[in-house]
Amino acid sequence: MFSKLAGNLNVKQTLGRLLDNDRLPNSLLFAGPDGIGKRQFALETARAVLCIDKTAGEACGVCAVCRRIDKFTFPKADAKGEDYDVVFFSEHPDVGTVIPFNRTLRVGSIRALEVEANFRPFEAKSRFFIVNDADKMNDAAANALLKTLEEPPLTSHIFLITSRPDSLLATIRSRCQTLRFGPVSAGEIEEYLINDRALAHHEAALAARLSRGSIARAVSLNVEKFKQQRGRMFDVVRHAIATGDRAAMLRISEEMNDAKNKDNFGENLEILESLIHDVWSVAVSGDRSRVVNTDLADEIEGLAQEAHAARLPQWLKLIREMRLNFIVNINRKAASDSLFLAMAGA
């Protein structure tokens with residue numbers, strides 16, 4: 001059960017106590033940063049209750065019930081909003097979820113949940129409903145959910161998943177017991193990637209450090225693609241600190257904005273930011289253990305020795321300002337040219 005999930009020991013202990021004492025609330029709020037496994041914790045909680053072959057309170061993970069719980073089929077990309085006004089059930093008829101359409105949880109889906117939650121279980125002692133991205137409910141949907149939470153059916157459990165709990169109505173939060181999740185440590189993520197995803201140790205270590213505590217981010221990282229992008233961003237930092245080659249930096253800006261790379265513009269900025277932060281960290285502290293890009297530690301230390309440490313936070317500030325300006329649809333080529341020339345001291 002929870003022993004197979006990385007991080008958030010306090011949440012595991014809380015859920016374990018609730019399950020051991022048969023006091024699982026009808027409404028739970030899973031709150032914490034994106035990509036750290038909140039939905040998986042919710043599914044594992046359902047699995048712990050519904051498993052037909054538990055051992056020492058742990059779901060077996062292999063019985064017919066356990067295997068069906070997390071197998072969902074969702075609408076295709078061309079589906080319409082009305083196609084989301086339902087509860088999507090897994091292959092287990094007592095485990096369902098509602099999901100947003102175009103970044104909005106529609107009132108129709110919450111009303112469908114209300115209906116389904118009042119049905120008795122089909123083959124188990126309880127039903128479980130997961131509200132994905134609960135903060136994306138519109139006002140009508142939130143009010144419809146509130147009605148269900150005020151009079152929860154005894155045999156149904158509703159789990160709300162959100163990275164922005166403060167966006168929910170206070171009346172909704174007050175009717176749920178909140179479980180607060182934190183980022184997963186790099187060591188735990190690395191262990192997960194090696195043991196469960198069969199990544200090589202060096203790739204797992206890099207992905208874990210770059211994940212910023214997010215299991216989903218670590219799993220989705222294409223290490224080879226990342227290294228190619230990072231190579232060009234490292235060239236930017238190297239030229240800005242060591243060579244002063246503005247022409248080379250402007251050529252990289254051109255590459256970042258050509259047709260085949262423009263969709264990666266935001267990712268490239270994130271990579272550039274992480275490299276600058278690594279150089280700054282080593283320049284100020286001399287501590288290589290703080291480096292995120294661990295496989296470039298030698299090169300980063302070399303640049304840190306040449307860099308003017310006072311300039312580096314200014315570069316990070318310029319990158320943050322660029323991101324804010326994306327909201328007003330700035331010319332990205334002009335913005336990256338300006339950034340690189342500023343870094344080069346032009």
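Mentor: Helices (H or I, at least four residues) and strands (E, at least two) are DSSP runs, numbered from the N terminus. This is a predicted model, where local features need pLDDT of at least 70, side-chain atom pairs count only at pLDDT 80 or more, and totals for chains, interfaces and linings use all residues. Residues are numbered from 1 along each chain as its sequence is written, and side-chain values use heavy atoms, leaving out hydrogens and water.

Trainee: Why are helix 12 and helix 15 called roughly parallel?

Mentor: Axes are lines fitted to C-alpha atoms, for helices over the stretch in contact, and angles run from 0 to 180 degrees between N-to-C directions. The axes of helix 12 (residues 265–285) and helix 15 (residues 332–343) cross at roughly 15° and come within 13 Å. Angles under 35 degrees count as roughly parallel, so these two helices are roughly parallel to each other.

Trainee: Which residues of helix 12 and helix 15 meet?

Mentor: With contact meaning heavy atoms within 4.5 Å, Phe265, Leu269, Leu272 and Ile276 in helix 12 meet Arg332, Ser336, Leu339, Phe340 and Met343 in helix 15. By class, that contact has 7 nonpolar, 1 polar and 1 charged residues. Leu, Ile, Met and Phe are among those counted as nonpolar, and Arg is among the charged.

Trainee: What makes strand 2 and strand 6 edge strands?

Mentor: Two strands pair if DSSP finds at least two bridges between them. Strand 2 (88–89) and strand 6 (177–180) each pair on one side only, in an open sheet with the order 2-3-4-5-1-6.

Key:
Angles under 35 degrees count as roughly parallel, over 145 as roughly antiparallel, 65 to 115 as roughly perpendicular and the rest as oblique.
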